[in-house]
Amino acid sequence: MKKYFLLAIVAMLAVTGVKAQSETKQEIAVSYGWLSNSDWLNAFESIADAIFGETYEDGSYLGPASLEYFYNIEPWMGIGAIAVYGHEIEDSNKDGNKVGTRKNSYVSLMPAVKFNWLRRDMVGLYSKLGVGATWRVEKKDFEGENSKYNSDKRDFHVNWQVSVIGVEVGKQIRGFAEYGLGEQGMLQVGLRCRF
């Protein structure tokens, strides 16, 4: 996944060679967030499993990592789409012993709208709303004393992102931070290329 982010950043830097326009129409962004809807869902599932004596630890985690595109149909409004990816692997423990692993992966795609409240050459303020769907895959592999258990759940569910406030700084390449709720997280930071 890291190589895709590096490719996206290289592509954004390549676009900066394009002649600057007084009013940019398109935007591509990559970002990383914390506390997404899928993170909360995983946490609630872990709490429910803990009631039955199963705990998770020694995990590795990626996400929510996002790629988004917007086309500004007006200086104050852009329409586009947001793609989000996340992945988590954890050891499952029962009575202090490792009994298996749990893997969760999710991919989301959300059509979105961005409202530019302040749009200056070096700074911008905005809000963003996206609603779409998430494809979630959960795999569990457990091995007890007398049994072996494998589970593979796949489902679609509605998902969303509401970024209440976003701040971006820079000319063509802008660093940004957003605060809100949803699949991109409560807080996210990233880079945006305007062209």
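This is a predicted model: local features need pLDDT of at least 70, side-chain atom pairs count only at pLDDT 80 or more; totals for chains, interfaces and linings use all residues.
## A tour along the strands

Begin with β4 and β5: they form a hairpin with three residues between them. Strands here are DSSP runs of E, at least two residues long, numbered from the N terminus. Strand β5 covers residues 123-143, runs antiparallel to β4 and is joined to β4 by 17 bridges. Two strands count as paired if DSSP finds at least two bridges between them.

Residues are numbered from 1 along each chain as its sequence is written, and side-chain values use heavy atoms, with hydrogens and water left out.

Colour by pLDDT, the predictor's confidence in each residue, from 0 to 100. The chain averages 85, and 84% of the residues score at least 70. Now select residues 13-21: the pLDDT there is below 50, and this stretch has eight contacts in the model beyond near neighbours in sequence. A contact means heavy atoms within 4.5 Å.

**Stop 1: the other side of β4**

Select residues 77-94, strand β3, and residues 97-119, strand β4. The two run antiparallel, joined by 18 bridges. Histidine 87 stands opposite serine 105 in β4. Move to the turn: two residues lie between β3 and β4 in this hairpin, and aspartate 95 has a positive phi of about 55°.

**Stop 2: the nonpolar core**

Which residues make up the largest nonpolar core? Select Phe70, Ile82, Val84, Met110 and Ala112, five residues in all. A nonpolar core is a set of buried Ala, Val, Leu, Ile, Met, Phe, Trp, Tyr and Cys residues joined through side-chain atoms within 4.5 Å. Buried means under 20% relative accessible area, exposed over 50%, and partly exposed in between, with a 1.4 Å probe and protein chains only. β3 and β4 each supply at least two residues of this core.

Centre on valine 84. Leaving out residues up to four places away in sequence, valine 84 touches Pro64, Ala65, Ser66, Tyr106, Val107, Ser108, Met110, Glu183 and Gln184.

**Stop 3: salt bridges**

The model has 14 salt bridges, each a side-chain nitrogen of Lys or Arg within 4 Å of a carboxyl oxygen of Asp or Glu. Start with arginine 192 and glutamate 68, whose closest N and O atoms are 3.0 Å apart. Arginine 192 lies in strand β8 (residues 187-194) and glutamate 68 in strand β2 (residues 54-74), so the pair ties together parts that are 124 residues apart in sequence. Buried or exposed? Arginine 192 is buried, and so is glutamate 68.

Stay on arginine 192. Its side chain also meets glutamate 178 in a salt bridge, at 3.9 Å from N to O. Now widen the selection to Glu27, Glu68, Lys114, Arg119, Lys128, Glu168, Arg174, Glu178 and Arg192: salt bridges that share partners join them into one network.

Next, select lysine 153 and glutamate 138. They form a salt bridge, with the closest N and O atoms 3.7 Å apart. Lysine 153 is in strand β6 (residues 148-170) and glutamate 138 in strand β5, 15 residues apart. Lysine 153 is partly exposed, with a relative accessible area of 49%. Glutamate 138 is buried, at 2% relative accessibility.

**Stop 4: lysine 140**

Stay in strand β5 and select lysine 140. Lysine 140 is buried, at 12% relative accessibility. Its C-alpha atom is 5.0 Å from that of serine 151, 11 residues away along the chain. Beyond residues up to four places away in sequence, lysine 140 touches Asp49, Tyr56, Thr101, Arg102, Tyr149, Asn150 and Ser151.

**Stop 5: aromatic pairs**

Three aromatic pairs are counted. Rings of Phe, Tyr and Trp (its six-membered ring) pair if their centres lie within 6.5 Å; planes under 30 degrees apart count as stacked, over 60 as edge-to-face and the rest as tilted. Select tyrosine 32 and tryptophan 34: the ring centres are 5.6 Å apart and the planes at 75°, so the pair is edge-to-face. Tyrosine 32 is partly exposed at 27% relative accessibility, and tryptophan 34 is partly exposed at 42%.

Finish on phenylalanine 115 and tryptophan 117. This pair is stacked, 6.0 Å centre to centre, with 20° between the planes. Phenylalanine 115 is partly exposed at 25% relative accessibility, whereas tryptophan 117 is exposed at 59%.

Terms used
Helices (H or I, at least four residues) and strands (E, at least two) are DSSP runs, numbered from the N terminus.
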